[in-house]
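Thanks, everyone. Let's walk through one protein together, from the overall picture down to single residues.

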Amino acid sequence: MSYRSSRLLRRIVLAAPLVTIALLPRAALAAGSGLSPLLPFGESPNGRNLYDLYNLISIPALVVFFLVEALLLTIIVRDRRRRQGPDYRPPQWHGNTRLEVVWTVLPFLILVVIGTLSFVELQRDFQRPADNATDLDVTVSGHQFGWTYTYPQGVSVSSEGETTLEPLVVPTGKMVRLRLESVDVIHGFWVPELMGKTDLVPGYENYTWLKIDRPGEWRGQCTELCGRGHNTMQLRVKAVSQEDFDAWVAEQQAKQATPSPSPSAGASPSASPSASASPSPSPSR
Ligand SMILES: [Cu+2]
């Protein structure tokens with residue numbers, strides 16, 4: 001390979017990640033997954049606190065990054081062999097107590113601050129909300145490869161893979177507590193634009209919550225590799241006004257309370273295509 005073509009190849013290899021980084025968010029959004037690699041803003045306070053925390057942590061990270069890069073570039077430019085001559089040897093000195101103390105203590109303090117802020121955030125936003133602070137209690141059950149949302153009003157909604165991607169409908173301005181459980185393997189509940197990730201673990205109850213101020217719809221995805229259909233295990237969360245929510249609940253109750261139109265002549269297990277797994281017409285669970 002000639003020198004010129006190897007240089008061209010090297011440039012392409014170096015540019016590829018930059019082009020990918022620039023185009024990826026747009027491609028992801030255009031694909032409709034709704035999962036942008038950019039930092040999600042957080043429509044629910046728990047998500048917004050994470051967003052603020054990331055921004056806060058980015059400040060020391062950027063300062064350190066630019067400081068290190070600036071020092072590196074200074075040395076690269078100033079001490080070039082071409083500039084200093086082939087016999088140049090930089091000053092040979094080592095041991096500077098003050099400098100060494102500073103570059104040990106300062107990173108330690110930065111890490112302590114970041115660790116403390118993160119720990120406080122975990123305690124605040126990944127705890128089960130108290131009963132008296134909760135307006136609506138929804139159970140989210142994960143399975144290969146979908147979700148079942150069970151509401152206290154006796155309504156149960158099933159979302160199966162990509163084919164029946166039913167939304168988790170919640171009222172705006174209300175504290176919605178999600179009890180997370182799984183019937184088979186570990187799944188992960190994550191709607192990046194709303195809140196942080198929480199796992200659904202078989203035999204164990206986990207909690208997360210939502211408090212969304214405006215109507216809208218957000219997309220998410222199971223974030224634990226849970227089997228062959230993992231990629232289809234997508235999520236929709238839809239926030240609507242309280243009136244619309246009440247109307248939706250009433251509609252679901254009517255739909256789920258109505259037995260299938262076929263007469264109950266004998267056992268016809270496949271008669272009801274109801275989303276709920278329960279064969280009983282009563283949706284209470
Ligand atoms: Cu999953």
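Start with a term: two residues are in contact if their C-beta atoms, placed from the backbone, lie within 7 Å. Now apply that. Take the contacts between residues at least 6 apart in sequence: 66% of them join residues at least 24 apart. Keep in mind that this is a predicted model.

Next, the parts list. The protein has five helices and 10 strands. It has 285 residues, and 21% of them are buried.

Let's take the helices. How do H2 and H4 cross? Helix H2 covers residues 45–78, and helix H4 covers residues 97–125. Their axes come within 11 Å and cross at roughly 180°. So H2 is roughly antiparallel to H4. Who meets whom? From H2, the residues include Leu50, Leu53 and Ile57. From H4, they include Ile110, Ile114 and Leu117. By class, this contact has eight nonpolar, three polar and three charged residues.

Look at E5 and E8. They run antiparallel, joined by five bridges. Leu178 stands opposite Thr208 in E8.

Another pair is E4 and E10. These two are parallel, with four bridges. Leu168 has Val237 in E10 as its bridge partner. Is E4 covered on one face or both? Both: Leu168 and Val170 are buried on one side, Val169 and Pro171 on the other.

Now the core. The largest nonpolar core has 27 residues. Which members touch the most others? Val170, Leu210 and Val237 do. Six strands each supply at least two residues of this core: E1, E2, E4, E5, E8 and E10.

Zoom in on Leu210. Leave out residues up to four places away in sequence, and Leu210 touches Ser44, Val170, Val176, Leu178, Leu194 and Met195.

Over to you for questions.

Terms used: Residues are numbered from 1 along each chain as its sequence is written. This is a predicted model: local features need pLDDT of at least 70, side-chain atom pairs count only at pLDDT 80 or more; totals for chains, interfaces and linings use all residues. A nonpolar core is a set of buried Ala, Val, Leu, Ile, Met, Phe, Trp, Tyr and Cys residues joined through C-beta atoms within 7 Å. A residue is buried if 20 or more other C-beta atoms lie within 10 Å of its own, exposed if 12 or fewer, and partly exposed in between; C-beta atoms are placed from the backbone. Two strands pair if DSSP finds at least two bridges between them. Axes are lines fitted to C-alpha atoms, for helices over the stretch in contact, and angles run from 0 to 180 degrees between N-to-C directions. Angles under 35 degrees count as roughly parallel, over 145 as roughly antiparallel, 65 to 115 as roughly perpendicular and the rest as oblique. Ala, Val, Leu, Ile, Met, Phe, Trp, Tyr, Cys and Pro count as nonpolar, Asp, Glu, Lys and Arg as charged, and the others, Gly among them, as polar.
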